[in-house]
Amino acid sequence: MTPPLVDEILRTQTVHAIEGSATLPLKDAIDAEIGSLLQKLILEKRPSVTLEIGLAYGISGLFICDALTKVGGKKHIAIDAFQSTTWSGIGIHLFVKPDMEISLNSAKQLSQDALPQLVNEGVKVDFAFIDGTIPSTKEWWISSMSTGF
Ligand SMILES: C[S@@+](CC[C@H](N)C(=O)[O-])C[C@H]1O[C@@H](n2cnc3c(N)ncnc32)[C@H](O)[C@@H]1O
């Protein structure tokens, strides 16, 4: 089921600015069909730690975190080099909610810089969604971090 906040964003095709009452047009986000597919996979695979490359305004992340909460997941890692600039921090801001049961780790870096750091830190992920547009991420990094799905 589409989380209510995402439902509203997809219906209005706008997001709210962090400060003030301005709204901005939604862009580059996944649609409800892809979101449902992500949720179905997470409910089936029951990951503990998920990762995404390409947070943008947070639509895929909100779908992922909603399902991850339902399966008792612990952490979502979101990587987006342009979160503070192009996306005005709105993607991360949408996750700061009192009812969020999982922790969000975010890296405002290119994935090719963030992923090697996570590997060096020994981070393991169970489920990854790659939705970055700069095609420099090698699958190797994801397979290095996978715990085996
Ligand atoms: C298609 S948008 C992601 C949309 C998002 N998944 C959603 O559903 O709202 C692509 C995003 O990837 C980010 N990006 C592109 N290439 C990247 C890279 N190599 N490393 C990190 N972030 C990247 C962009 O800043 C942008 O936010």
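Modeller: Start with a definition: Ala, Val, Leu, Ile, Met, Phe, Trp, Tyr, Cys and Pro count as nonpolar, Asp, Glu, Lys and Arg as charged, and the others, Gly among them, as polar. Keep in mind that this is a predicted model.

Colleague: How many residues of the lining of the largest pocket are nonpolar, polar and charged?

Modeller: The lining has 13 nonpolar residues, nine polar and four charged. The space in this largest pocket is about 380 Å³. It is lined by 26 residues, and Gly54, Asp80, Asp131, Gly132 and Thr133 are the closest to its centre. Helix 3 (59-70) and helix 5 (111-120) each give at least two residues to the lining.

Colleague: Now Thr50. Is Thr50 buried or exposed?

Modeller: Buried means under 20% relative accessible area. Thr50 has 0% relative accessibility, so Thr50 counts as buried. Thr50 sits in strand 3 (residues 49-53).

Colleague: Which side chain makes a polar contact with the side chain of Thr50?

Modeller: That of His76, at 2.7 Å. Beyond its neighbours within four places in sequence, Thr50 also touches other residues, including Ile64, Leu68 and Phe127.

Colleague: Where are Ala56 and Ser88?

Modeller: Ala56 is in the loop between strand 3 and helix 3. Ser88 is in the loop between strand 4 (75-79) and helix 4 (90-93).

Note on methods. Residues are numbered from 1 along each chain as its sequence is written. This is a predicted model: local features need pLDDT of at least 70, side-chain atom pairs count only at pLDDT 80 or more; totals for chains, interfaces and linings use all residues. Side-chain values use heavy atoms; hydrogens and water are left out. On a 1 Å grid over the protein atoms alone, a cavity is a set of points where a 1.4 Å probe fits but cannot get out, and a pocket is an open set with protein on both sides within 12 Å along at least five of seven lines; lining residues have an atom within 4 Å of a point. Grid points are joined across faces, edges and corners, and a volume is the space filled by probe spheres set on the points. Helices (H or I, at least four residues) and strands (E, at least two) are DSSP runs, numbered from the N terminus. Buried means under 20% relative accessible area, exposed over 50%, partly exposed in between (1.4 Å probe, protein chains only). A polar contact is a pair of N or O atoms within 3.5 Å; within protein, one must be able to donate a hydrogen and the other to accept it, and residues adjacent in sequence count only if both atoms are side-chain atoms. Contact means heavy atoms within 4.5 Å.
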